Amino acid sequence: MPDFRVNMHNSRLGIYIQVPFCQTKCTYCNFHTGVVSAGRFSPYVEAVCREIRGFRELNAAAGVKLPEGFEKATVDTVYIGGGTPSLLEPGLLRRMVDAIQETFATELNEVTIEADPETVEAGKAEAWVAAAINRVSFGVQSFSDKELAAAGRMHRRRDVYRAVPILRAAGIRNISFDLIAGLPFQTRESWKDSLEQLRELEPEHVSVYLLEVDEGSRLGKEILNGGVRYSAGAVPSDDEMADFYEAACEFLGAAGYHHYEISNWGKPGLESRHNLKYWRREPYLGFGAGAHSFSGTERWANAHDAAEYGRAIMGGRLPIEQLEVVTPAAALEEELFLGLRQLDGIDVGRIEREYGVALGGRFEPLESAGLIERSGELVRLSPARLSVSNEVFVGLMR
Ligand code: SF4
């Protein structure tokens, strides 16, 4: 029986670096990020570089059992996310990329930085390219200044129009835009207008997220508990959000983007190679506060608190908050859950053979509800029902 838990995929490894700092806190944000003085950036980067260089010893001492393949794996994708990593001086970003290149075998074909449009300057963009960064993921969210202001974003529509030519001139050929459906004051017209701007700016990749409502953000709390400070009353209904999502599917499909994951579209060949690793259960190492890692057999995460993380690393200890062995049952659930997020669907025959299970009955209720469709051994979400995908996942996990 093959090792059902590991998918080293030609021994390729992804690396994620978390930069948990922002200029302000957006009202809808439920991430563990902080607004800190710039003096904290350099010591944090120092800690991340130490974690990268000492990853074998640090992980071993923390109880993580890295499979043998890790020693020989080649790092081909790096994703510097946050937070707002574009706030950092390019020299600090370069130190982290250099630490990766000094520690691992690398063939870096996709190195992404998340950036806020107002932080982009020509000198920075050129330094990013010199540091091997070749993809920029922009937190655009909307092209409506009213929506951006209500969400607590620092940039405005004109900043995106200013930043994109700067990146192009610096040689960045792969730009991704994040858009959020469900921001306060969003209407069918304003959403359509945000989509229309993609024709003008031509990003190679687009991610569309639905506003998440939970206690973790100020806006989410207000939606759940009442209040007027963050414009919770102006948040579109669930039905409107589903309409916005469907309008995005239609628009992006017609504009030549390949819809390859529920929230993601790329021009052919420009799908996010790094993010595909998450959905394909390929291994990745996360460095920095709150960063998650997956070895194929274990999942673990670093402490979220940046100060606690920094203290521990500088003291020679990896501050792991969660470490779990992926059991065969959990691996199977992940195959289904992550596999169905991809529009190509899942190969039921392969999974049944690898895991020694029969999945037939598991899909029947979803199939009769029209939520998924089958073609031979392939099962995938019905394209017309993508906006209800949560329902599908809940059904599958039962
Ligand atoms: S920029 Fe991103 S990470 Fe920072 S507060 Fe806003 S949504 Fe959160």
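Residues are numbered from 1 along each chain as its sequence is written, and side-chain values use heavy atoms, with hydrogens and water left out. Because the model is predicted, local features need pLDDT of at least 70 and side-chain atom pairs count only at pLDDT 80 or more, whereas totals for chains, interfaces and linings use all residues.

**Exercise 1.** Determine which side chains make polar contacts with the side chain of arginine 135.

*Solution.* Begin with the setting: arginine 135 lies in strand β4 (residues 135-141), strands being DSSP runs of E of at least two residues, numbered from the N terminus. Arginine 135 is buried and has no salt bridge, the nearest side chain of opposite charge, glutamate 110, being 4.3 Å away. Here buried means under 20% relative accessible area with a 1.4 Å probe, protein chains only, and a salt bridge needs a side-chain nitrogen of Lys or Arg within 4 Å of a carboxyl oxygen of Asp or Glu. Turn next to polar contacts, pairs of N or O atoms within 3.5 Å, one able to donate a hydrogen and the other to accept it: the side chain of arginine 135 makes one with that of threonine 112 at 3.3 Å, and another, of 3.5 Å, with that of histidine 205.

Key
Helices (H or I, at least four residues) and strands (E, at least two) are DSSP runs, numbered from the N terminus. Buried means under 20% relative accessible area, exposed over 50%, partly exposed in between (1.4 Å probe, protein chains only). Lys and Arg count as positive and Asp and Glu as negative; His and the chain ends are not counted.
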